Amino acid sequence: MIKNLIFDFGKVLVDYDYEAFYLRFIPEQKKREALISIFNYDLQMIIDREAKPFSAIMEEMIAMHKDLENEIHIFEEHYTEVVTEEIPGMRELLMKLKTEGYKLYGLTNWCSKVYTTMSQFDIFKLLDGQVISSEEKVIKPEPEIYQCLFDRFGLKPEECVFTDDREDNIEGGESLGMKGIVFKNAKQYEKELREILDNQI
């Protein structure tokens with residue numbers, strides 16, 4: 001019986017727009033393109049794991065890219081402003097699911113600055129708890145972060161449905177026994193969730 005619904009944060013509960021962020025804060029095209037090439041997916045995973053403090057990671061990047069020192073400082077100072085809004089329809093859906101008796105949890109790859117974002121958007125108040133990669137020093141889809149969620153909140157994987165916008169993260173959860181939904185939008189998520197709930201044995 002499904003009792004717990006697990007949600008990624010970025011592109012599931014809140015949206016972000018790196019392109020708009022860079023255009024806003026880095027007006028010089030060559031500098032912007034250079035910064036974009038540096039802050040790629042691999043570096044984002046380092047930031048989200050945060051084995052070193054966020055500020056230390058930025059200082060290492062400055063040491064490697066002295067010509068972008070000012071731009072990296074801008075990135076560091078304004079990092080939380082990459083988040084733009086709540087995903088349409090998700091707060092209302094979470095409120096409905098909560099009234100139906102489901103426990104709601106977050107499972108996110110995010111650096112320690114996530115708490116600034118969480119304080120700015122009311123949707124996070126609906127969660128019964130969360131596991132954040134930068135606190136655990138592990139990231140999705142590594143199995144340890146899912147196990148941390150199960151252990152911390154006493155969850156059974158077979159009683160959970162996990163949604164994330166990345167298929168590899170969903171596969172990581174499924175390998176440990178959770179049902180999974182690759183998130184596209186609130187309507188699609190609820191449709192697939194209801195199908196899972198209706199087909200429970």
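Modeller: This is a predicted model. Start with a charge over a ring: Lys 11 lies over the face of Tyr 16, at 4.8 Å from the ring centre.

Colleague: Which aromatic cluster does Tyr 16 belong to?

Modeller: Tyr 16 forms one aromatic cluster with Tyr 18, Phe 21, Tyr 22, Phe 25, Phe 39, Phe 54, Phe 75 and Tyr 79.

Colleague: How should I read a pair of aromatic rings?

Modeller: Two values describe such a pair, the distance of the centres and the angle of the planes. Rings pair if their centres lie within 6.5 Å. The count by this rule is 15 aromatic pairs. In one of them, Phe 75 and Tyr 79 are 5.2 Å apart centre to centre, with 55 degrees between the planes, and the pair is tilted.

Colleague: Are Phe 75 and Tyr 79 buried or exposed?

Modeller: Phe 75 is buried, at 1% relative accessibility. Tyr 79 is buried too, with a relative accessible area of 4%.

Colleague: Why is the pair of Phe 183 and Tyr 189 called tilted?

Modeller: The planes of Phe 183 and Tyr 189 stand at 45 degrees, with the ring centres 6.2 Å apart, so this pair is tilted. Planes under 30 degrees apart would count as stacked and over 60 as edge-to-face. Phe 183 is buried at 5% relative accessibility, and Tyr 189 is buried at 0%.

Colleague: How many disulfides does the whole structure have?

Modeller: A search finds zero. A disulfide needs cysteine sulfur atoms within 2.5 Å. For Cys 111, the closest cysteine sulfur is in Cys 148, at 17 Å, which is too far for a bond. For Cys 148, the closest is in Cys 160, at 13 Å, again too far.

Notes:
Residues numbered from 1 in each chain as written. Predicted model: local features only at pLDDT ≥ 70, side-chain atom pairs only at ≥ 80, totals over all residues. Heavy atoms only, no water. Phe/Tyr/Trp six-rings, centres within 6.5 Å; stacked < 30°, edge-to-face > 60°. Buried < 20%, exposed > 50% of the residue type's maximum accessible area, 1.4 Å probe, protein only. Lys NZ or Arg CZ within 6 Å of the ring centre and 35° of its normal.
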